[in-house]
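Work through the exercises below with the coordinates open. Each task is followed by a solution in steps.

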Amino acid sequence: MSGFKEYIKEFGFGFYFIDDFMVKVLNKLKFPKNLRVKYANFKHKKVRKYLLKNYGYLLNEQTGARLPSQGEGRKTAYVFWWQGEGNAPEVVKTCIDSLRRNSGAEVVVLSQDNYKNYVDLPDYIIDKMQSGKMGLAVFSDIVRFNLLYRHGGVWIDSTCLVVGKFPDEVFSYSFYSINSPATRAEQFRWTSFFLASRRGDPVCGRMAEFYNEYWRDHDCSITYLLTDCWLNVLYENVPEVRGEIDAYPLSDVDFDALAEIIGEAYDESTFKAVAGRCFFHKLTYKLPYREENEGKFTVWGFIKNNKV
């Protein structure tokens with residue numbers, strides 16, 4: 001969010017209380033995860049109701065000129081780091097390196113220097129990002145859907161460690177996203193950090209169109225998971241979108257498992273068992289991963305030094 005005052009001005013104190021204040025209280029008091037998930041579902045329902053009221057007109061036929069759909073998935077993976085790969089944290093560099101070595105896809109690293117070669121965004125979106133009204137996380141959401149609609153391919157976040165080749169199913173559907181029991185508990189059959197589509201896919205086209213409209217009207221995001229909330233609105237109200245999302249399979253992968261043991265002492269059998277739960281694992285650059293513990297490699301130390 002771009003600040004308390006701006007948020008209150010645009011959405012009122014009620015939404016601030018629901019979306020920000022109560023979340024902080026629940027986290028600080030360390031409420032059980034299942035209760036926090038239930039509350040997240042409650043607040044996202046409120047957000048979806050607001051979005052449906054104000055942007056429901058976008059549920060009709062996509063208003064912009066539709067690109068012709070590409071017949072087969074493009075095996076190009078896009079990853080975004082604004083400052084450029086050379087200036088990225090070590091975790092991000094390691095993840096991008098793993099993407100190149102293991103995914104089986106051509107890799108394009110997007111940055112402030114080259115993103116305009118791949119997407120054509122409205123000036124007001126770029127202006128709001130450059131002025132600080134829009135954070136880079138939100139900007140990357142806008143870039144990913146515009147890029148996938150225009151080019152097709154795979155979008156993977158810069159903190160995803162790739163440990164295996166992308167499965168064929170990633171490229172077998174017009175639109176695809178990884179999902180897990182955890183994401184479905186929050187009523188989402190997708191994750192925004194791993195998406196794939198064919199050029200001209202209507203799911204990505206509608207998401208790009210929504211972001212253009214939303215940021216024409218606002219200077220801050222109503223909620224952190226704005227992408228998920230609007231995609232849920234589309235899923236519930238547009239048969240074409242529901243059909244594409246229901247087409248790809250549900251999965252029982254666990255892409256958070258590796259992060260849970262990242263600081264523990266490396267053990268080969270444990271590592272292989274955990275890494276094998278998904279072809280990629282979500283890490284973070286915000287925590288200081290230790291490379292050694294009592295003179296031995298941690299899981300992170302092994303990953304970094306052995307080019308997993």
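**Exercise 1: a helix pair**

Helices α8 and α9 are roughly perpendicular to each other (roughly perpendicular covers angles of 65 to 115 degrees). The model is predicted: local features need pLDDT of at least 70, side-chain atom pairs count only at pLDDT 80 or more, and totals for chains, interfaces and linings use all residues. Residues are numbered from 1 along each chain as its sequence is written, and side-chain values use heavy atoms, with hydrogens and water left out.

Task: Find the axis distance and crossing angle of α8 and α9, and state which residues meet.

Solution. 
- Step 1. Helices are DSSP runs of H or I with at least four residues, strands are runs of E with at least two, and both are numbered from the N terminus. Helix α8 spans residues 226-237 and helix α9 spans residues 239-247.
- Step 2. Axes are lines fitted to C-alpha atoms, for helices over the stretch in contact, and angles run from 0 to 180 degrees between N-to-C directions. The two axes come within 6 Å and cross at roughly 105 degrees.
- Step 3. Contact means heavy atoms within 4.5 Å. On the α8 side, Leu-231, Leu-234, Tyr-235, Glu-236 and Asn-237 take part; they meet Pro-239, Val-241, Arg-242, Ile-245 and Asp-246 of α9.
- Step 4. Sorted by class, this contact of α8 with α9 has six nonpolar, one polar and three charged residues.

**Exercise 2: the two sides of α11**

Task: Determine which residues of α11 are buried and which elements cover them.

Solution. 
- Step 1. Buried means under 20% relative accessible area, exposed over 50%, and partly exposed in between, with a 1.4 Å probe and protein chains only. In α11 (residues 268-275), the residues Phe-271, Val-274 and Ala-275 are buried.
- Step 2. These residues lie on the same side of α11, because they cover an arc of only 95 degrees around the axis. The arc is that of the directions from the helix axis to the C-beta atoms.
- Step 3. Ser-269 and Lys-272 are exposed, on the face of α11 turned away from the buried side.
- Step 4. The cover over the buried residues includes α10 (257-260), β7 (280-282) and α12 (299-306).

**Exercise 3: nonpolar cores**

Task: How many residues are in the largest nonpolar core, and what does Trp-230 touch?

Solution. 
- Step 1. A nonpolar core is a set of buried Ala, Val, Leu, Ile, Met, Phe, Trp, Tyr and Cys residues joined through side-chain atoms within 4.5 Å. The largest has 83 residues.
- Step 2. Those with the most contacts inside this core are Leu-51, Phe-139, Phe-166, Phe-194, Trp-230 and Phe-280.
- Step 3. Not counting residues up to four places away in sequence, Trp-230 touches Leu-51, Tyr-55, Leu-58, Leu-59, Arg-206, Met-207 and Phe-210.
- Step 4. A second, separate core of 16 residues includes Ala-257, Val-274, Tyr-289 and Phe-302.

Key: Parallel < 35°, antiparallel > 145°, perpendicular 65-115°, else oblique. Nonpolar A, V, L, I, M, F, W, Y, C, P; charged D, E, K, R; others polar.
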